[in-house]
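Take a look at the model below. The walk-through moves from salt bridges to helix packing and then to backbone geometry.

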Amino acid sequence: MFDLFDTPAVPGLALRDDALTKAQEAALIAHIDASDLSPFRFQQWTGKRLTYSYGWNYDFEHVRFAPAEPMPEWLLDLRDRAADFAGVAADDLVQALLIRYDPGAGIGWHRDRPVFEHVVGISLGSEAILSLRRRNAAGFERAKAMLPPRSIYHLSGEVRHAWEHSIAPMEVPRWSITFRSLSDKGRMA
């Protein structure tokens, strides 16, 4: 959680509430729902969340990283705002992942793939808790950050590389848009 002085739960985590208006949020949700979403696949496992990638796609089923359809016009202003929040150039945010979490869907413990560097997420529809953990000698160090609807967060540095994150399954729908930049490894792919 954030304290009175907005000290992040973990170094490298930045969060801002009310990054969008309710009307902007509704328009983004409508665009996501109108996209060609498909169930997330990891090897032979099929997840409950629905996804679609622009710019670059990491195919977990076949372990492939490849260019994808360019970002549509409706995402470009949001990408610019996400880049400004993260302090990176808009052109550096080369991947956009759309996700719809229907009731019962969440995302398990993970670190974003090493082909990516900056991770900037926009949370839509319902409040969620971003759970964080880092292995230590005693087990896990843990932290949490609240993601209100219309909030934006940035994972960089320590939280991006040393911590895993997850969102527990929820009983209500939620949507998100995640922008990512490429790491040195990703630029060589």
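Does arginine 133 count as buried or exposed? Arginine 133 counts as buried, because its relative accessibility is 16% and the cut-off for buried is under 20%. Keep in mind that this is a predicted model.

Arginine 133 has a charged partner. Its side chain meets that of glutamate 164 in a salt bridge, at 2.6 Å from N to O. The pair links distant parts of the chain. Arginine 133 sits in strand E9, residues 128–136. Glutamate 164 sits in strand E12, residues 164–167. Glutamate 164 has a relative accessibility of 18%, so glutamate 164 counts as buried.

Strand E9 also holds arginine 134. The side chain of arginine 134 meets glutamate 158 in a salt bridge, at 2.9 Å from N to O. This pair, too, links distant parts of the chain. Glutamate 158 belongs to helix H3, residues 157–162, and lies 24 residues from arginine 134. What of their exposure? Arginine 134 is at 25% relative accessibility, so arginine 134 counts as partly exposed. Glutamate 158 is at 31%, and so counts as partly exposed. Elsewhere, salt bridges that share partners join Asp33, Arg100 and Asp102 into one network.

Arginine 79 is buried, because its relative accessible area is 14% and buried means under 20%. Aspartate 80 is at 38% relative accessibility, and therefore counts as partly exposed. How many salt bridges does the structure hold? The count is 9.

Next comes helix packing. Two packed helices are described by the angle between their axes and the distance between the axes. H1 and helix H2, residues 73–86, pack at an angle of about 125°. Their axes are 11 Å apart. That angle makes H1 oblique to H2. H1 passes H2 in a left-handed crossing.

Which residues make the contact? From H1 come Gln24, Leu28, His31 and Ile32. From H2 come Trp74, Leu78 and Arg81. By class, the contact of H1 with H2 divides into 4 nonpolar, 2 polar and 1 charged residues.

The last stop is the backbone. Most residues other than glycine have a negative phi. Aspartate 18 is not a glycine, yet has a positive phi of about 50°. Where is aspartate 18 placed? Its place is the loop between strand E1 (13–16) and helix H1 (22–34). Aspartate 18 is exposed, because its relative accessible area is 57% and exposed means over 50%.

Arginine 150 also has a positive phi, near 75°, in a residue other than glycine. This residue lies in the loop between strand E10 (139–147) and strand E11 (151–155). Is arginine 150 buried or exposed? Arginine 150 is buried, with a relative accessible area of 14%. Aspartate 18, by contrast, is exposed at 57%.

Note on methods
Residues numbered from 1 in each chain as written. Predicted model: local features only at pLDDT ≥ 70, side-chain atom pairs only at ≥ 80, totals over all residues. Heavy atoms only, no water. Helix = DSSP H or I, 4+ residues; strand = E, 2+ residues; numbered from the N terminus. Buried < 20%, exposed > 50% of the residue type's maximum accessible area, 1.4 Å probe, protein only. Salt bridge = Lys/Arg side-chain N within 4 Å of Asp/Glu carboxyl O. Axes fitted to C-alpha atoms, helices over the stretch in contact; angles between N-to-C directions. Parallel < 35°, antiparallel > 145°, perpendicular 65-115°, else oblique. Left-handed = near helix turned anticlockwise from the far one by under 90°. Contact = heavy atoms within 4.5 Å. Nonpolar A, V, L, I, M, F, W, Y, C, P; charged D, E, K, R; others polar.
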